[in-house]
There are 2 protein chains.
Amino acid sequence: CDQAARDAAEARNDRLTKPPRSLGRLDDLAIWLSGWQGTPKPAVDNPQISVFAGNHGVTQRGVSAYPAEVTEQMVLNFQAGGAAINQIARSVGARLTVHAIDLDRPTADFTQGPAMTEAECVAALAVGWNALLAGTDLLVAGEMGIGNTTAAAAIATALFGGEPRDWVGRGTGVDESGMSRKAEAIAEGLAANPVASEDPLEALRCLGGREIAAMAGIIARARVERVPVILDGFICTAAAAVLAKAVPGAIDHAQAGHQSAEAAHRNMLLRLELDPILTLGMRLGEASGAGVAIGVVRAAAACQSGMASFAEAGVTG
Amino acid sequence: CDQAARDAAEARNDRLTKPPRSLGRLDDLAIWLSGWQGTPKPAVDNPQISVFAGNHGVTQRGVSAYPAEVTEQMVLNFQAGGAAINQIARSVGARLTVHAIDLDRPTADFTQGPAMTEAECVAALAVGWNALLAGTDLLVAGEMGIGNTTAAAAIATALFGGEPRDWVGRGTGVDESGMSRKAEAIAEGLAANPVASEDPLEALRCLGGREIAAMAGIIARARVERVPVILDGFICTAAAAVLAKAVPGAIDHAQAGHQSAEAAHRNMLLRLELDPILTLGMRLGEASGAGVAIGVVRAAAACQSGMASFAEAGVTG
């Protein structure tokens, strides 16, 4: 973060024609953007939404309300423009990129051992690392992957502790017995991968999936390039949590776009000290919640950069 | 509301390529829009934001952190494009109209008797009634008026009961003694205008202001024209509350755009059974909170109208 730009943004914000900080979170977001974009007049002219898709061996444990082939079917839907994220990306004027990662090669069932080899995990991280487009001034990362709330809950249990049940939710809509199967699979996965509880990156490799690793990769790349990030829901936040636990400050450039209806998301945000911009009861994934939040962040940038000062407007401050 | 269109929208929504109702509030907003726009494929192509400005005699009681001349100065700022709402309107692609209503003729100090004569109140209502533009598919009404949180709190006390102190907040930023002056002025205003507690429209006339009446006028007109409305903060919601108390169902076409940082706004929303779309700690007025919410409602319409069904996309539902 560019502290001088951030300080200049705060000073500019105080002179704008409004009671001090009366735009609330919009003022905070504008100043945060300024720090990462390195200017007191930030802009959201070229937002990017990237959706990563992967398949999960753990689906054979009956952890999802949908069959695994839906991951590929939905990727085709993204490519044809028929999914929610296509409409949201258009409505906020964002470039959308879709990355299907080895869908014909699901991760291994983590109840039996590591979901990915080191080479597989690094390759997936690299897909994300290389997906950041030139000129992007605000990044949203999202996912599609039948079974991935179970993988994300397993990562959360490894990173933050507690019982698997604390981190399990209904995902796309499983019933109570589905929730129990998710918790049992996670308990077995933690037992089968003891290293996952000791090292955040091992939690990602052993319990995660390719789309989760790719989100971690693009979020890390954005940190290096000083591109501000809006996190999507439960699974995206789990990817960010791996980075935050691995390297202090690794997600300082990220805001939580929304609080998902997936019950454990709120707890994960609290652990990461992230305050969601939106709370709309969304639980779709696909970057949909963070995609909607782009509009809020753009409004924040527009006010910060376009408003007149009291002196310029001749208003009694 | 067109119940057939609403039913068709619900049926369509259930077929779209997402777990049922997984867009949460966006699904609700899309179905609400459908009912008022009379189509299962709603659109937000021509949103309108109208800001009404008025001056208040009660400002002589020291109820605001800013002098009364700031109302007119801010109108000039709106006209020059320098205010927050100008930037927000541009960022969401809304047409912005600004209506300064008799700024050189403040309302009478309501601690001494009615703020407006019947003719004055009707004239202000008519300004709003006539401000709805042809083709508007989503309306936001907002305001500017130094002193108007006191007027709105007085209306709330008359409509909902309780003590003036329950409805008083910091407005643009008064201190504790300013809050006490606001509560005292309201108590005096209620005593000087006993009819205000008996008739919602008399509460508007006796305790309100021209911009508040104009907001009531345009919200009522939108109801007749079946144009859906997003309410802004505390003062706009007070205008809507007058309508809701006067005629059951009068604000069925309205959603709460946001929950203001003005403390009593939450209570007013609860009384009206309105659930705010956004909670961003905003307290500026000018239609700013509801203006930001336009982006959320547009995303809801885009998903409802643009998404493929499971059958169209070949996704296993």
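This is a predicted model: local features need pLDDT of at least 70, side-chain atom pairs count only at pLDDT 80 or more; totals for chains, interfaces and linings use all residues.
Residues are numbered from 1 along each chain as written, and chains are lettered from A in the order written. Local features need pLDDT of at least 70, side-chain atom pairs count only at pLDDT 80 or more, and totals for interfaces use all residues.

**Exercise 1.** Describe the interface of chain A and chain B.

Step one: count residues. 49 residues of chain A are in contact with 49 residues of chain B (contact means heavy atoms within 4.5 Å).

Step two: take the area. The two chains bury about 3,600 Å² between them, with 67% of it on carbon and sulfur atoms. Buried area is the accessible area (1.4 Å probe) lost on putting two parts together, summed over both.

**Exercise 2.** Find which elements of chain A touch chain B.

Elements giving two or more residues include helix 2 (25–37), helix 3 (69–80) and helix 13 (288–306). Helices are DSSP runs (H or I, at least four residues), numbered from the N terminus. Helix 13 of chain A gives the largest share, 8 residues.

**Exercise 3.** Work out how chain A is laid on chain B.

Step one: superpose by least squares on C-alpha atoms of residues with pLDDT of at least 70 in both copies. A turn of 180° and a shift of 0.0 Å along the axis give an RMSD of 0.0 Å.

Step two: conclude. The copies are therefore related as by a two-fold rotation axis.

Step three: locate the axis. A:Gly295 comes closest of the residues of chain A, at 3.0 Å (C-alpha).

Definitions and conventions. Side-chain values use heavy atoms; hydrogens and water are left out.
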